[in-house]
Amino acid sequence: MTNHWVDIKNADVIIVMGGNAAEAHPCGFKWVTEAKAHNSATFIVIDPRFTRSAAVADLYCPLRTGTDIAFLGGVINYLLAHNKIQLEYVKAYTNASFIVKDGYKFDSGLFSGYDDAKRSYDKSTWAYELGPDGYAKVDETMQHPRCVLQLLKKHYSRYTPEAVSNICGTPKDIFLKVCGHIATTSAPNRTLTFMYALGWTQHTVGSQMIRTAAMVQLLLGNVGMAGGGVNALRGHSNIQGLTDLGLLSNLLPGYMSLPSETETDYKKYIAARAFKPLRPGQMSFWQNYEKFHVSLMKSWFGDAATKENNWCFDWLPKLDKVYDVLQAFELMHQGKLNGYFCQGFNPLASIPNKAKLIDGLSKLKYLVIIDPLATETSCFWEDHGEYNNVDPSKIQTEVFRLPSTCFAEENGSLTNSGRWMQWHYQGAPPPGDAKPDAQIMAGIFLKLRDLYRKEGGAFPDPILNITWGYRIPHAPSPEELAMEYNGKALADLADPTDKPKIIKKKGQQLDTFLQLRDDGSTSCGCWIFAGAWTEKGNMMARRDNSDPSGLGITLKWAFTWPANRHILYNRASCDPSGKPWDPNRKVIYWDGSKWTGADVPDFKPDIAPGNQMGPFIMQPEGVGRLFALDKMAEGPFPEHYEPFETPIDTNPLHPAVINNPAARVFKDDRGDFGTSKDFPYAATSYRVAEHFHFWTKHTRISSILQPQQFVEIGEELAKEKGIKAGDMVKVWSKRGFIKAVAVVTKRFKPLQVNGKTVHHVGIPIHWGFKGIAKNGYLANTLTPFVGDANTQTPEFKSFLVNIEKA
Amino acid sequence: MKNDPKKLLRYTPSERANHWLTAITFILLALTGLPLFHPFFYPLTLLFGGGIWTRIIHPFFGILMVISFGIMSFHFRQLNTMTPADWQWMRHLRELANGDERNMPESGKFNGGQKLLFRLLVLFMALLLLSGIVIWRAYFSFLFPVWVVRLSAVVHAAAATVIIGLIMFHIYMAIWMRESMDAMLYGRVRRAWAKQHHSAWFRQVISGGK
Amino acid sequence: MALQSLDITRRSGTTTPSPAQRKTMEVAKLIDVSKCIGCKACQAACMEWNDTRDKIGTNHGVLDNPMDLTENSWTVMRYSEVETSRGLEWLIRKDGCMHCAKPGCLKACPAPGAIVQYSNGIVDFQEENCIGCGYCITGCPFNIPRLSKKDSKVYKCTLCSDRVAVGLEPACAKTCPTGAIVFGTKEDMMHHAQGRVADLKSRGFTSAGIYDPKGVDGTHVFYVLQHADTPGIYSGLPKAPSISGMVSIWKGVFKPVASFALALGAFGAFFHYVIKGPNEVSKENEKEFEDEK
């Protein structure tokens, strides 16, 4: 989230799109009801299905699954055409006035630089035109034909209300009504917030959907404002913490990244990440990258990391490609990956195309499961009749099951969607032999290290040299780990502006990432978490919810990364002269000598208004990007591409380029995509409020509340197919079938898309062949094995199926 | 001598047994039913092991009584047809109540009052049976819509009140009309009694008819 | 739930006053249907606090589950999809005991103290006094109490009388994430409800209103409805509930009248006997059959 949960209450217009907050985030959803009750907010839900969120919305707007970019592109077109943008903000705080390189082009669905064979782009033209001073050129009048605003206008001029309605199936009048509500927030004293979740991320164009929303918010001047922003609702209680700590295969903690196989030179590795300012006077905060990186390496390797050995840079893996989960299972499928650790992860249930997964898991030599529950993955070799039809005698994979604790059985910090790191305490001792994950990993590590010590082996250095200063080596405590990710001084730290003065003595916990050094005198396990456990103690355990501004900014409650800041980019809540755009949303302000206010300023505190420094301090150009440069795989402007399985078999905008040209498709999966001839219905998978993923089918109360697998279809489709509510139905895709009870509902309406009637089939995911709820089929038997071009998040939300009464 | 052969046989042993079974179950039903009707009577549940047992056994007593009374009413069905003479008899009730039997029309084995009582008992017993089944929560109530259950509750209470009244009247008559009880207790009545209260029957018996 | 109490307004199967020295404030739970997202957290909280568990059932082609109130499910969400002038609406109502000011269950109950009404308005079943006759089911205008097959006792929402007695809100209100369930004094809740109705009216729900039926003298669980003129669209919420006339006759006027009539009959017979004397065989007849004596 750019903002945070409580901040939703400050919004004037709330849009839930690509998510279903009431269903999947009912506790956080309370802030929507607060905004409605106390801020007269208008609440809009845009979804293929009339959801539980829609049940309490002021306006429900249907759209076809997977067409969100078309919809939001239409919104951008509307805002530009009706002059409903916050012009002063756009001019000062976005790259609207920046001039793009000559040679950048968009034509018939493809941007300049496309390589058909590699399915990727040469992005060299997706850049600013630079002046002789090395800075990007801008045209303050925003009239230059190659300035971002003009390119933006041109790009989205195709997204007329008629085109939106034709692609999305949204009735034009409802679309325009939504646009009207959104447009009201271009006023400086009104804000819109977007709340989204997996309904956006789980598409082959998921990242671009989110970007489109961000662009809408920049145009409206809603980023940095209380009640504004683009707000990702995270699912697992600590999935935010997972990404923060860099558990994705290509990341290091704190959103630093692993080097690629071509980056073998340390200096070049740093230089490619420590962006130099692209405009004069910009902070370009990533210039500090080396401080964070060195501190991380010191935290990992201690004294072994020295300036001379480039802080152990050579020990870091160099990626030849991204090792996301789809890649991993593809490699298993090819027989190239033959040992797999599954920690707190149930891929057989959570990853698409179950048949391919079973095939991959069956080829493994060993599989290690670390989980509190007997997951489907850990039992993939068991024959469960039609629910898991395998022959155990044919599967040779050795499976180790290591029982772990669940969150309530250990101390620790959970990071919520709003980046609040909140400490929690053990509620109950773990059952049986279950151990905390850290203990299990420590046990495996110590054993491995012993083996390396005794027997040597290829490249033992990182294993042998890792710091392991925990009081009980086989049981690192959550407190120790938290202190480690916060960081500490490895030597006495002098005040850089007042030299002899020592700000931290050797061994003391650091207060902020601003104290990190690139000379090896600090260590920090995750720079953005610095400040979470200082000399004052565990800041995450603070429980003072006082809210002096009334804006929901509770600086004494837990710890919010970064730097206890609640609203990111909050400098943008003030106009260039330092006055809040809206006096009722006084997040920060310039008091004449420094930035201050209810929140921690996201800015250099002593830079006065009028200075050139822009509010988006992480960006080298200091402004928000309407034009994404080379940061996205499929283009600097989001473009509507159809899902890989589209019910209309074409892309009305450019029939030659139907779906995301930059999405990775494995060879064997090409043939596994269905077409509308055999699979006429647009399917989408989702969660229901009664269950949490594949966990709660193991708990009695949740199983009582929603005991059995079902699928949802509209009354019209049900009538066509002769299906009645409560009938058992068979749903199948090119990849397999499931059987479930039919819920026939008015909440799915057929949509008119490109001259065709499109019906949806809704597929809740929660059932499987383990647990105490009624056994069911893993819903991901049906889903396609293809992911977002940037994140490789699988396209669970848009695929094709057929349905019959079973 | 209670069973002096000179006395007239009024009820056979099986008839008597049948009557008393009905009577006892009726008393038990009243004792178990009343506490469910008015808190004033609730202490009666102590006779049956408390409220729960009272609730459980009441309907079973009811079934027993209905069977017993069913047999009896089937057995006596022909003796209980109202004739014009019976209606005539009814018109002299006030005189009878004052102890003046001189003008009472002749009656057969059963007089008009008894016949009418019998018929009313059949009617209300049927109502009690039907409404009782409906409000028998453990086995049947869920089969009926709630308005039927509510109606049945009222019908059951009303029918029970009426029938208790009728039986109280019946018992009082048996007490008030001296020696009547002998007929049901021992089976035989004195000829004098028979001649006085059921002269037609008396003549019939004396003349050798049954 | 049994609680020794000095603030009992009414007690079933009892004709004399109950301990009533202490008068507490009337409480109420307000269910704002317009805020309800149907997440069933209230159902879960109810099961957890009261430690009741229904069987794991099956899906019946709707989202409702368990499908109906049971002796273990004291509250259930009822979902109805309704086309109104505003388009499709998904009306989700939390069903459960309404805690009527004039409770039909209590009126119908024959077992002394099996149902009590506290002065705070909570109508509470004291299962240890329950005899299992099910008359409360007959008496309830909202079809709430459920008879357990296991122990032949009747169960329903207690409004968490055990929590309320120690100053806590009911478990469902505590857990409701959107504030659709709120708890407090009836007066405060009424005030809150009026504010909600005003908000709904401002959003175009012209017939928004409060459902606090007068037929049972109001309830201590009451609703804010978007369409208060047609409560039936909320999964059959009765329009004008009251204690059925049948139940009123049965457990109202008829009870004393019938008892009195029977007493009168008994007295009448006795006085007839002592005034008129028994009916004996006449002298003439005795003479005729002298040999019998």
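Let me begin with chain C of this predicted model, where the centres of domain 1 and domain 2, taken over C-alpha atoms, are separated by 50 Å. The domain assignment places domain 1 of chain C at residues 8–243 and domain 2 of chain C at residues 247–292.

Now to how the chains meet. Two pairs of chains touch, and of these the pair formed by chains B and C has the most contacts. Chains A and B, by contrast, do not touch, and 24 Å lie between their nearest C-alpha atoms.

I will take the contact of chain B with chain C first, to which chain B contributes 41 residues and chain C contributes 42 residues. On the side of chain B that touches chain C, the elements giving two or more residues are α1 (13–37), α2 (51–75), α6 and α8 (191–197) of chain B, and the one that gives the most is α6(B), with 14 residues. If we sort that side of chain B by class, we find 22 nonpolar, eight polar and 11 charged residues.

By class, the contact of α6(B) with α7(C) is made up of 20 nonpolar residues, three polar residues and one charged residue.

Turning to the other pair that touches, 32 residues of chain C are in contact with 35 residues of chain A. On the side of chain C that touches chain A, two or more residues come from each of α1 (41–50) and β4 (87–95) of chain C, with α1(C) giving the most, namely five residues. That side of chain C holds 13 nonpolar, 11 polar and eight charged residues.

Three strands of chain A form an open sheet in the order β12-β13-β14, and their pairing is parallel. The edge strands, each pairing on one side only, are β12 (339–343) and β14 (398–403) of chain A. Direction ignored, neighbouring strands of this sheet are turned by 10 degrees against each other on average. Looking at one pairing in detail, β12(A) pairs with strand β13 of chain A, residues 366–371, in the parallel sense over five bridges, and F341(A) stands opposite V368(A) in β13(A).

Leaving aside neighbours within four places in sequence, A305(A) is in contact with M297(A), K298(A), W311(A), C312(A) and G520(A). As for M256(A), which is 49 residues away from A305(A) along the chain, the C-alpha atoms of these two residues are separated by 18 Å.

Definitions and conventions
Residues numbered from 1 in each chain as written. Chains lettered and ligands numbered in written order. Predicted model: local features only at pLDDT ≥ 70, side-chain atom pairs only at ≥ 80, totals over all residues. Contact = placed C-beta atoms within 7 Å. Helix = DSSP H or I, 4+ residues; strand = E, 2+ residues; numbered from the N terminus. Nonpolar A, V, L, I, M, F, W, Y, C, P; charged D, E, K, R; others polar. Pairing = 2+ DSSP bridges. Axes fitted to C-alpha atoms, helices over the stretch in contact; angles between N-to-C directions. Domains from an automatic or database assignment.
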